[in-house]
Amino acid sequence: MGQHSSCLIVGGGISGLMAAITLQRQGVAVTVVDKGFGIGGRLASRSVKSGTNSQGYFDYGCQFFTAQIPQFQAWLQEWAELGLVQPWSQGFPDTTGQMGVGDRSIPSAQPFCYRGTTSTRSVAQHLAQTLDIRNQTRIERLDWQDSQWIAIPTPPDPGHQVKASEFRADAIILTAPVPQSLELLASSSVVIQPTQQQQLAQVEYDRCLALLVVLERESLIPPPGGLYVEDARIQWLASNSIKGISPHGYAVTIHATPQFSLAHWEDDLGAIAHHLSTNAAPWLGSPILARHVHRWKYSQPRRLHPDPLALLDLNQANAIGPLMLAGDGFTAAVTPSSVERAALSGQAAAQYLLKLWSKP
């Protein structure tokens, strides 16, 4: 890699992890920072305990993996061989019995849906195991000094014993949702060209309210455990116990529609839970023992950037190191899967950087 040997990746979802692995395998020193408690972004899984000592385990972000592009199919096959993922179903029914996957307006054969063998987060944990990961770290400003990028984190809470250290790198890849990356750039000494700023600002996301419920007995969701509802309030239901990741409790994930999520975003959590559980009652068929609501502000991209990544034109290409944006809001691949888009975008950013650095 010559004198260019380090990269900071902001965002620990699958896009950031795939970029980091691709760079690390080529000898680049990589640090991944993420504001969350756990790695994986929307590869999110957690447990919820009830008062009866039963414990449900939930995938509450990404529900399954599909792969329609050979490059990502190879990764999925590798994860399957390692026992990290396994086939779940070739599509899921809706309430009329019609089978489909995601955007069913795409006229193609339904791809196989893979689930994490223990959870979707386990894939992120596998990718992260050899990486330098800094969780609970929010970057508040970027600067360019002494021929390197400097990323300055938000100061820790008062009384915290550890001082927040700045990060230095030859290049930066931002893989958080585009609006969050633009907020970071706006607070930094980084000036984006107006046309590029406008194009990036057009990337939009739907919101999603997720309700996790632990039930007294198994739900009425039909096998294989996923159901498209798509009424005014609920878009998707999943029985994590039928799915095979919640062996010690009957656990159902309820994803609200984008319309309901936007309209009720600021509602009291109890009111949100009441609305969604009432609507889901015909498929739950059991008393609820415990519940938890999670807000996904950037759930699914609604409007995409047309390229697999964005290399920022800072008008000082010879003086400032590369600064790129990547993630599931970027695509050059025709796939309905946000996970696949994110993974391919992260790889594309890493490969672009390697190519750039390989030039004499």
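Me: Why is R302 called partly exposed?

Reply: R302 has a relative accessible area of 48%. Buried means under 20% relative accessible area, exposed over 50%, and partly exposed in between (1.4 Å probe, protein chains only). The value for R302 is therefore in the middle class, partly exposed. This is a predicted model, in which local features need pLDDT of at least 70, side-chain atom pairs count only at pLDDT 80 or more, and totals for chains, interfaces and linings use all residues. Residues are numbered from 1 along each chain as its sequence is written, and side-chain values use heavy atoms, with hydrogens and water left out.

Me: What makes the contact of R302 with E204 a salt bridge?

Reply: A salt bridge is a side-chain nitrogen of Lys or Arg within 4 Å of a carboxyl oxygen of Asp or Glu. The closest N and O atoms of R302 and E204 are 2.9 Å apart, so the pair meets this definition. R302 belongs to strand β18 and E204 to strand β14, so the bridge ties together parts that are 98 residues apart in sequence. Strands (E, at least two residues) and helices (H or I, at least four) are DSSP runs, numbered from the N terminus. E204 is partly exposed, at 28% relative accessibility.

Me: How do you know that E216 and R217 form a salt bridge?

Reply: The side chains of E216 and R217 meet at 3.6 Å, N to O, so the pair is within the limit for a salt bridge. Shared partners also join salt bridges into one network of E204, D206 and R302.

Me: What makes the salt bridge of D328 and R42 a link between distant parts of the chain?

Reply: The two side chains meet at 3.0 Å, N to O. D328 is in the loop between β20 (323-325) and α9 (338-358), whereas R42 is in the loop between β2 (29-33) and β3 (45-49), 286 residues apart. D328 has a relative accessible area of 5%, so this residue is buried. R42, with 23%, is partly exposed. A search of the whole structure finds seven salt bridges.

Me: Why is the pair of W88 and F92 called edge-to-face?

Reply: Rings of Phe, Tyr and Trp (its six-membered ring) pair if their centres lie within 6.5 Å; planes under 30 degrees apart count as stacked, over 60 as edge-to-face and the rest as tilted. This rule gives 13 aromatic pairs. For W88 and F92 the centres are 4.6 Å apart and the planes stand at 65 degrees, so the pair is edge-to-face. W88, at 12% relative accessibility, counts as buried, and F92 is buried with 0% relative accessible area.
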